Amino acid sequence: MSFTAINPATEEVIASYPAHTREEIEAAVSAAATAFTSWRITPFKDRAEMMTRAAQILEDEVESVATMLTSEMGKTLTSAKGEVLKCASTMRYYAEHAESLMEEEIIASPASRSGIRYQPLGTVLAVMPWNFALWQAVRFAAPSLMAGNVGILKHAHNVPGSARYLEELFLRAGFPTGVFTSLFLGHQELADLIADDRVAAVTLTGSEVAGTKVASQAGAYLKKCVLELGGSDAFIVASSADMARTIPMAVTARVQNNGQSCIAAKRFIVVEDRAQEFIDGFAEAMSTVVVGDPMDPATVVGPLVSAEQRELLDAQVSDSVAKGAVVRAGGHTIEGRGFYYEPTVLTNVPRDSRAGSEELFGPVAVVEVVKDLAEAIEVANSTPWGLGGSIWATDPREIEQAIDGIESGMVFANALVASTPELPFGGIKKSGYGRELSAHGIREFTNVKTFYIA
Ligand code: NAD
């Protein structure tokens, strides 16, 4: 098995690495276990200095790191730079706040003194996807390492450069050997690692298929597990929406990261009194989105990550069109070099067709017209997922109704669903369980230890 990066814009192989051998894996797991014994008692101040240095290196190297991200998975250079800087700011956030987020809590009880201490668990194994190759890994690593855990990253097979860069970044910032390691692992080696007594917990960001597999392996060995899986977020356009702002945001919500984001809006649910206006404006705006070379600053949408991902998206669109969906913009693969797909808007999509029932990981929007906000919320909740959702409305009553009614881990009003280190990030239903970021994220991989002094 090899870990090979192919530039999706040029279809050229960038680099290829063999999987790590059994001996190399054993050495890494053993080094992580050794590192944990001293890392767990390293003062917050020292950990924070290293984390801040890592942030500084990322900021200094933003251009070259962003170029690597763009060539490995095709996101625009502009968004890649944003991703790198967001990693740096999240590292700074945890460097600054980890100590207070992990502070002992005193709780009144019959004891003379009692409460909670948060203590690290040990080696946390992180299984990560390619779509935000740096950010997904940092979203796990920054809080986990600051909490005193050590990490082993098993990255997606197509972003080996990002995986290696991260390991080197932490070493260059002064983190001791073994505190953060990246391994190129096949699925069997991953399963063996989950079973290893020296691995304390597992976190996976990725598809439902991978989540089910890894969670069941973690469950078999009673390991704590956090899952950040797929989504089909609703973007609800309510009667009171400010349409001039809503339409451009709808485009960004769907095409960000070339449409390959778990929290991209995938279903646009619009109340009938605003439907014509929204659909006409949205279809027009989507058909004029600039698609092209992701290195070009004028480009808004680059290629999809791979030929397979594009075939899947095209099959989903074709199935729905064959069953009666109406194409209002795009709808086709773009011929030529690179895995490009037209920004697409579909209406009248049958619920039992593929675009009506599956996650669309590319720039394809499904628009559904409903009677009123109550029905919009009902439709938003009619999927197996529950990651995020947004409401576009100027009436505060409509906003409150949506926040209360949407069944998902996150609801945003008049803003794109996004992650920020201060707030918890995660989903419910088949979008996974557990939370990343904020106090909740840093405490996921800790022992919430009760103490009681009589
Ligand atoms: P993927 O599930 O194919 O891969 C994710 C990781 O899991 C990779 O490291 C992969 O090697 C590993 N993996 C895959 N199958 C496995 C198996 N059977 N056993 C063990 N490990 C396995 O997902 P992807 O295609 O890389 O990413 C796209 C998916 O990730 C989408 O569904 C997207 O919504 C989701 N995602 C979710 C979040 C979130 O925060 N909730 C963020 C980004 C992506």
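Biologist: How many Å separate the centres of domain 1 and domain 2, taken over C-alpha atoms?

Modeller: This is a predicted model. Domain 1 covers 2-229 + 431-453, and domain 2 covers 233-413. Taken over C-alpha atoms, the distance between the two centres is 31 Å.

Biologist: How many residues does the contact take from domain 1 and from domain 2?

Modeller: The domains are 2-229 + 431-453 for domain 1 and 233-413 for domain 2. Both contribute to the contact: domain 1 gives 21 residues and domain 2 gives 26 residues.

Biologist: What area do domain 1 and domain 2 bury between them?

Modeller: The size of an interface is often given as the accessible area lost when the parts come together. Here 56% of that area is on carbon and sulfur atoms. The total buried between domain 1 and domain 2 is about 1,900 Å².

Biologist: Which element gives the largest share of the side of domain 1 that touches domain 2?

Modeller: Two elements give two or more residues to that side: helix H3 (62-73) and helix H4 (77-101). By class, the side has seven nonpolar, nine polar and five charged residues. The largest share is three residues, and it comes from H3.

Biologist: Is Asn158 buried or exposed?

Modeller: Asn158 sits in the loop between strand E6 (150-154) and helix H6 (160-172). Setting aside residues up to four places away in sequence, Asn158 touches Thr4, Ala5, Glu72, Trp130 and Val305. The cut-off for buried is under 20% relative accessible area. Asn158 has 11%, so it is buried.

Biologist: Which residue joins the side chain of Thr347 in a polar contact of 2.9 Å?

Modeller: Thr347 lies in strand E13 (residues 344-347). Its relative accessibility is 7%, so Thr347 counts as buried. Beyond four places in sequence, Thr347 touches Ile279, Ala325, Val326, Arg328 and Val367. The side-chain partner at 2.9 Å is Asn348.

Biologist: What distance separates the C-alpha atoms of Ala218 and Asp197?

Modeller: Ala218 is in helix H8 (residues 208-220). Ala218 is buried, at 0% relative accessible area. Leaving aside neighbours within four places in sequence, Ala218 contacts Ile194, Val202, Lys223 and Cys225. Asp197 is 21 residues from Ala218 along the chain, and their C-alpha atoms are separated by 11 Å.

Biologist: How many residues apart in sequence are the parts that Glu26 and Arg198 tie together?

Modeller: The side chains of Glu26 and Arg198 meet in a salt bridge of 2.8 Å, N to O. Glu26 lies in helix H1 (residues 22-39), while Arg198 lies in the loop between helix H7 (187-195) and strand E8 (199-205), so the pair ties together parts 172 residues apart.

Biologist: Are Glu26 and Arg198 buried or partly exposed?

Modeller: Buried requires under 20% relative accessible area, and exposed requires over 50%. Glu26 has 39%, so it is partly exposed. Arg198 has 30%, so it too is partly exposed.

Biologist: Which helix holds both Lys45 and Glu49?

Modeller: The side chains of Lys45 and Glu49 form a salt bridge at 3.6 Å, N to O. Lys45 is exposed at 57%, whereas Glu49 is partly exposed at 41%. The two residues are four apart, about one turn of the helix, and the helix is H2 (residues 44-60).

Biologist: How far apart are the closest N and O atoms of Asp395 and Arg397?

Modeller: Asp395 is buried, with a relative accessible area of 19%. Arg397 counts as exposed, at 66% relative accessibility. Asp395 forms a salt bridge with Arg397, and the closest N and O atoms are 3.0 Å apart.

Biologist: Which residues do salt bridges that share partners join into one network?

Modeller: The structure holds 23 salt bridges. One of them pairs Asp395 with Arg397. The network joined through shared partners consists of Arg22, Glu189 and Asp192.

Methods: Residues are numbered from 1 along each chain as its sequence is written. This is a predicted model: local features need pLDDT of at least 70, side-chain atom pairs count only at pLDDT 80 or more; totals for chains, interfaces and linings use all residues. Side-chain values use heavy atoms; hydrogens and water are left out. Buried means under 20% relative accessible area, exposed over 50%, partly exposed in between (1.4 Å probe, protein chains only). Contact means heavy atoms within 4.5 Å. Domain bounds come from an automatic or database domain assignment. Buried area is the accessible area (1.4 Å probe) that two parts lose on being put together, summed over both. Ala, Val, Leu, Ile, Met, Phe, Trp, Tyr, Cys and Pro count as nonpolar, Asp, Glu, Lys and Arg as charged, and the others, Gly among them, as polar. A polar contact is a pair of N or O atoms within 3.5 Å; within protein, one must be able to donate a hydrogen and the other to accept it, and residues adjacent in sequence count only if both atoms are side-chain atoms. A salt bridge is a side-chain nitrogen of Lys or Arg within 4 Å of a carboxyl oxygen of Asp or Glu.
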